[in-house]
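Here are my notes on this structure, written for someone new to reading models. Please keep the 3D view open as you go.

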Amino acid sequence: MRRIRKFIKYSLIFYAIIALVYWIFIRPVHMSWGATAAEQQMKFPADEFISPDRIVTTRAIAIHSSAEKIWPWIAQTGQNRGGFNSYYWLENLFAASMHNADSIVPQWQNPVPGDTIYYGEGEGYEMISFVKRNEYYALGGWTFYLDSLDTDHTRLIVRYPSMEVKQSVLMRAYYYGLFEPLHFIMESGMMMGIKQRAEAK
Amino acid sequence: MKNTVISNKTAAYNGALIAVAGVFAYSFAVMLYTIIRTSVSICSIMPSPERSKILWASGFSVAYSVGVFSFLMAMVSSMAGAVAGVILRRVLLWLNPDVHLSKSILISSIVSLVLLLLLYLVLYILLKERITLQYAGTFLFWYVFPAVIFFIAVLIGGAVFSNSLMKEKTNKTPKD
């Protein structure tokens, strides 16, 4: 039993160090991963859905492709469409029934405001709030914005309004302990998934 | 029963400790698997100057969320472990008073299987169609691997308890 007690003790110390590093060094980086100061200040149409009390993340990634080539992958976002281009195997651990399309599907290329987009099978959903072909796509206040630099370089900027700060202790513990880091993993995975697909020849 | 070294309280405490250790052991396996798989994906997409930043951020975010989740699961599992510990102690003392290790292992296995059956029956009543074989990964992750760990933990618990009883028996023999 002494060995088991020792193992638990070191496991707790290990996770305490992880938590400390995460809060001091990692969280400040992932809240605006890849985004410049100007991109964080940019105004998007769906910002009107974001109340001042919400914790907002703005992340960005450089894609060596035109906005026209990136757009089709964003247009078919959704569990009930072409997936989220993220770590589907991780989503499916939670029985999300996620399948990422590896090709552009014509029938999903015309998203319009009011379309219902599912996050997982039988789970939460969101309506498309704003769409402008080759420029932006928003699910509620969650915006995907394509900033076209030239014909071969585009910045994909993603803004996500998550939780209202004024919440119960339990909700805050859930948000800071699980939702926020997991959302970063999935959202950054999604942005890299879009990059990979758009850059593929 | 009252004269044994391991009391109900100690059995519950040891059961809880073994359960918590099982949760942390599983969490390390899950953490490693997730970090390796996400890192392979990141390395194949991101160019080198930006790669290291996202590797660190993603890796620590995985480790942190797994840590938080395993901490919550450890609290729940410690209660299940404590109950299992007390049940195992009572069954072992009842069916194996002479303390034979092979018999202890057999009894521990049966106790473990019965407890798992009860636990999964409760889960089935609570979750019903959400327990699905549709995704092998989901089923393995949430049900099969934890069941294997629980089974091993009960076997360890049974062995620890039998060893203590044997020691007690050996210590008492000269006096008797």
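1. Ground rules. This is a predicted model, in which local features need pLDDT of at least 70 and side-chain atom pairs count only at pLDDT 80 or more, while totals for chains, interfaces and linings use all residues. Residues are numbered from 1 along each chain as its sequence is written, chains are lettered from A and ligands numbered from 1 in the order in which they are written, and side-chain values use heavy atoms, leaving out hydrogens and water.

2. Confidence in chain B. pLDDT is the predictor's confidence in each residue, from 0 to 100. Chain B has a mean of 87, and 92% of its residues reach 70 or more. Within chain B, helix α1(B) has the highest confidence, at 94, and helix α4 (residues 136-172) the lowest, at a mean of 83.

3. Layout of chain A. Chain A has five helices and six strands. These are DSSP runs, numbered from the N terminus (helices: H or I, at least four residues; strands: E, at least two). Their order along the sequence is α-α-β-α-α-β-β-β-β-β-α. The C-alpha trace spans about 60 × 35 × 30 Å along its principal axes.

4. Burial in chain A. Of the 201 residues in chain A, 52% are buried. The cut-offs use relative accessible area: buried is under 20%, exposed over 50%, and partly exposed in between (1.4 Å probe, protein chains only).

5. The interface. Chain A gives 43 residues to the contact and chain B gives 48. Contact means heavy atoms within 4.5 Å. The area buried between the two chains is about 3800 Å², and carbon and sulfur atoms give 78% of that. Buried area here is the accessible area (1.4 Å probe) that two parts lose on being put together, summed over both.

6. Leu12(A). This residue is in helix α1 of chain A. Leu12(A) touches Phe24(B) and Phe71(B), not counting residues up to four places away in sequence. Its relative accessibility is 39%, so Leu12(A) counts as partly exposed.

7. Ring pairs. Rings of Phe, Tyr and Trp (its six-membered ring) pair if their centres lie within 6.5 Å; planes under 30 degrees apart are stacked, over 60 edge-to-face, and the rest tilted. Over all chains there are 32 aromatic pairs. In one of them, Phe14(A) and Phe28(B), the centres are 5.4 Å apart and the planes at 70 degrees, so the pair is edge-to-face. Phe14(A) lies in helix α1 of chain A and Phe28(B) in helix α1 of chain B, so this pair joins two chains.

8. Side chains of opposite charge can pair when their charged atoms come close.
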